[in-house]
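Here are some notes to read alongside the model, for anyone opening it for the first time.

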Amino acid sequence: MTKILNKMLYILKNFMLPLLMITTIYIIIFMFQRLDKEIFGKNFLEFLSVIAPFLLLIILCIVNTFLNHETVKNSFFYNFTSFMVMLVIAIFCYRALMDKNMLLWHKYGYKINFNYFSDQIAPMKVMLYVLSFSNIMLIIEGYLKDKKEDFKKVNKKKNQNFVE
Amino acid sequence: MKKFIREYLRVIAYTATGLVFGIASFYLLMNYYHSEEVSKPLYISQNDVDYTEYKTKISKIDENLKRFDSMKSKNDELKTMYSKLISCRTVMDGDKTLSKLKVDNYFKPVDIYQLGSSFQSEVLNICWAMHLSYLTSDTPPVSFKEYAPYISSSVKSITNQINFALDEIQNNSSYFYTTNITSSTIRNYLKSDYSIITDSYNEFADIVLELSESLNEKAGEIND
């Protein structure tokens, strides 16, 4: 049961990450437009600072998937926390775009609550950077794993299958 | 040694993940709480009184305009004023301005905001700026010259009041209601903003009512 849930969370988080990055870029584009800032000009670094943690985590997800790091894939706590972070960012985006009860949504005529979203950028960055950090730690931990131990585990599984 | 480093790295990784877990849980719960607070309706008992007052004024304006229509005055200045008051009255009784007042005594913050912003966009921008602002121009109509200073100062104070109220209502957006005091302060502001907005509606209705009454007086004087 835990294994199935773990796989589901792993897939969901990988699926949500690029979607949330696109939504964040969408909001940031209008935010810059309102403040007369050019994305690909003077303010590119500011734009990059918001997108960088997403890109970093996407790269790490690709690394996890292709190099098949089991320490990350099998860590239920890490996958559950990652999914929760994605959920929180999804709520940030949803409320900035849809929550009409926050009255600044109505103010600028863009139908986006920029003030709320810019308040949430800092926690968003913190969560994504720290997740990337722990992902890197888990990858390194995986590399340091004893090959003998792995060999023993594989043999044990094989024997169990044979008995069954 | 390798095993020790491995264990150590695992501890660091899970501590960092635990930290993120804490932050994410905090923001998840805070957002849920904030969205609940922001959409919670307010009970305003005064609404019946304000709504009835406003409606009575509009019906009095209707009576005055009907009376003027029956007099069939040929004075151009009065006729212009009559047509402007007719369009103004239609705007004042429009769905956008009154629909929110009609509902009941429970108001969401967004209802109060929309009531205020429709006062700005409908009553001030259309009724005042498009139709009645000529009364305070450099060359006001002779028949209504004496009203210019009174109307000018009233509209100015109404505009300031409504801007202040709308700015204050927006307080509810970016701040989490971290304590009960913050929450009740924001709700108290909302109540006072509501009364500022309804007072503005009623004050503006007073101006239009006075103009409609003076329209009949002037028409009567000319006919006599």
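This is a predicted model: local features need pLDDT of at least 70, side-chain atom pairs count only at pLDDT 80 or more; totals for chains, interfaces and linings use all residues.

1. For chain B, a compact globule of 224 residues would come out near 17 Å, but the chain has 27 Å. The extents tell their own story: along its principal axes, the C-alpha trace of chain B spans about 110 × 35 × 25 Å.

2. What is chain B built from? It has 7 helices and 2 strands. Reading from the N terminus, the order is α-β-α-α-α-β-α-α-α. Buried residues come to 29% of the 224 in this chain. If you take the contacts in chain B with a separation of 6 or more, 84% of them join residues 24 or more positions apart.

3. Now the domains. The assignment for chain B gives domain 1 as 1–38 and domain 2 as 41–223. Taken over C-alpha atoms, the centres of these two domains of chain B are 53 Å apart. Their contact takes 5 residues from domain 1 of chain B and 5 residues from domain 2 of chain B. On the domain 1 side, the residues that touch domain 2 split into 3 nonpolar, 1 polar and 1 charged.

4. Next, the contact between chains: 34 residues of chain A meet 31 residues of chain B. Which helices of chain A each supply at least two residues of the side that touches chain B? They are α4 (76–98), α5 (104–107) and α6 (114–143). The largest share, 14 residues, comes from α6(A). By type, the chain A side divides into 21 nonpolar, 6 polar and 7 charged residues.

5. Have a look at helix α1 of chain A, residues 2–34. Its 33 residues should span 48 Å at 1.5 Å a residue, and the end C-alpha atoms are 46 Å apart, so the two values agree. The buried residues of α1(A) are Tyr10(A), Lys13(A), Leu17(A), Leu20(A), Thr24(A), Ile27(A), Ile28(A) and Met31(A). As a reminder, an α-helix has 3.6 residues a turn, so residues three or four places apart point the same way. What covers the buried residues of α1(A) includes α2 (44–67), α3 (70–73), α4 and α6 of chain A.

6. Most residues other than glycine have a negative phi. Asp36(A), which follows α1(A), has a positive phi near 55°, although it is not a glycine. You'll find Asp36(A) in the loop between α1 and α2 of chain A. Is Asp36(A) buried or exposed? Asp36(A) counts as exposed, because it has 7 C-beta neighbours inside 10 Å, and the cut-off for exposed is 12 or fewer.

7. The other one is Lys111(A), in the loop between α5 and α6 of chain A. Phi of Lys111(A) is near 60°, again a positive value in a residue other than glycine. Why does Lys111(A) count as exposed? Because Lys111(A) has 12 C-beta neighbours inside 10 Å, and 12 or fewer is what exposed requires.

Methods. Residues are numbered from 1 along each chain as its sequence is written. Chains are lettered from A and ligands numbered from 1 in the order in which they are written. Helices (H or I, at least four residues) and strands (E, at least two) are DSSP runs, numbered from the N terminus. The radius of gyration is taken over C-alpha atoms; the globule rule is 2.2 Å times the number of residues to the power 0.38. A residue is buried if 20 or more other C-beta atoms lie within 10 Å of its own, exposed if 12 or fewer, and partly exposed in between; C-beta atoms are placed from the backbone. Two residues are in contact if their C-beta atoms, placed from the backbone, lie within 7 Å. Domain bounds come from an automatic or database domain assignment. Ala, Val, Leu, Ile, Met, Phe, Trp, Tyr, Cys and Pro count as nonpolar, Asp, Glu, Lys and Arg as charged, and the others, Gly among them, as polar. The expected span of a helix is 1.5 Å times one less than its number of residues.
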